[in-house]
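Please examine the structure shown below together with its sequence.

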Amino acid sequence: MSRQSRERIMDWVGSEILPHEGEVRAWLRRTLDPADIEDVVQEAYCQIARLEEVGHIRSGRAYFFTTARNVVLMQLRRARVVRIDSVTEIDNLNIVLDEPSPERVAGGRRELERVRRLIEGLPERCRRIFELRKIEGLPQREVARRLGVTEHVVENDVGRGLKLILQAIAEGERNAEQALTEMARDERARDSTGDL
C-alpha cells in the first residue's frame, strides 16, 4: 500500500471513526465488563487500521460499531470453546497449553516499549492530552478543563496522536519519527500564533 493511501486511511480514521469512540464505549458498557471494553476498542482500531481501502464504507460510525460488535462476538466464540472443553479432557489429551513463548513475550515487550516511545515523542501538549484521554481514561471535557484548552483541541490532538501512532505501527518507526518532528514544528508555529 502506498504512503499516500495509508495517510488517506489514517485521515479517514481520525475524522470518521475516532469521533464515535465515546458512543461505542457507552454501547459496550451496557453488556461488557469495564475491564474488557479497552481490549475491544483497541482490537477494533487495529482491524480498521489494517484496511487497504475505505471508499466502500458509507458510514464510519456504523462501520466502527459493526467492527466492535464482531470483536465481541469473536471473543464470545473463543470463550465458548474454552467452556466446552473441560480441564480433565485437556489433561487426558496431553495438549500443551498455548502459553506465549519467551520470544513472543520479548517481542510483545519490545512492541509495548515502541508504543511508549511513540507516545513520549508526541509534541508536549498532544502527548499530555493523549495520555490523559487514552491512558488515564479521563473524559474529553475534563482533559480540556485541566489543560485550559477547548474540547475541540482535545479531540484534534487525540486524533493526531492516534493517527501518528497507528501510522508508525503500519509503516515503521522511522517514518513516524519524521512525522512527529514535522508535527512538533507545526505545533510550535501554531502556538506562536496563539491558536488554542
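The model is predicted: local features need pLDDT of at least 70, side-chain atom pairs count only at pLDDT 80 or more, and totals for chains, interfaces and linings use all residues. Residues are numbered from 1 along each chain as its sequence is written, and side-chain values use heavy atoms, with hydrogens and water left out.

A nonpolar core is a set of buried Ala, Val, Leu, Ile, Met, Phe, Trp, Tyr and Cys residues joined through side-chain atoms within 4.5 Å; buried means under 20% relative accessible area, with a 1.4 Å probe and protein chains only. The largest such core has 43 residues, and V13, L28 and Y45 have the most contacts inside it. Among the elements that give it two or more residues are α1 (3-17), α2, α3 (34-49) and α7. The greatest contribution, eight residues, comes from α9. Helices here are DSSP runs (H or I, at least four residues), numbered from the N terminus. Beyond its neighbours within four places in sequence, V13 is in contact (heavy atoms within 4.5 Å) with L18, P19, Y45, I48 and L166.

Helix α2 (residues 21-29) contains R25. R25 counts as buried because its relative accessibility is 16%. Its side chain makes a polar contact of 2.7 Å with that of E21; such a contact is a pair of N or O atoms within 3.5 Å, one able to donate a hydrogen and the other to accept it.

In helix α7 (residues 124-135), the buried residues include R125, F130 and K134. Just after α7, G137 takes a positive phi of about 75°.

Terms used
Buried means under 20% relative accessible area, exposed over 50%, partly exposed in between (1.4 Å probe, protein chains only). The expected span of a helix is 1.5 Å times one less than its number of residues.
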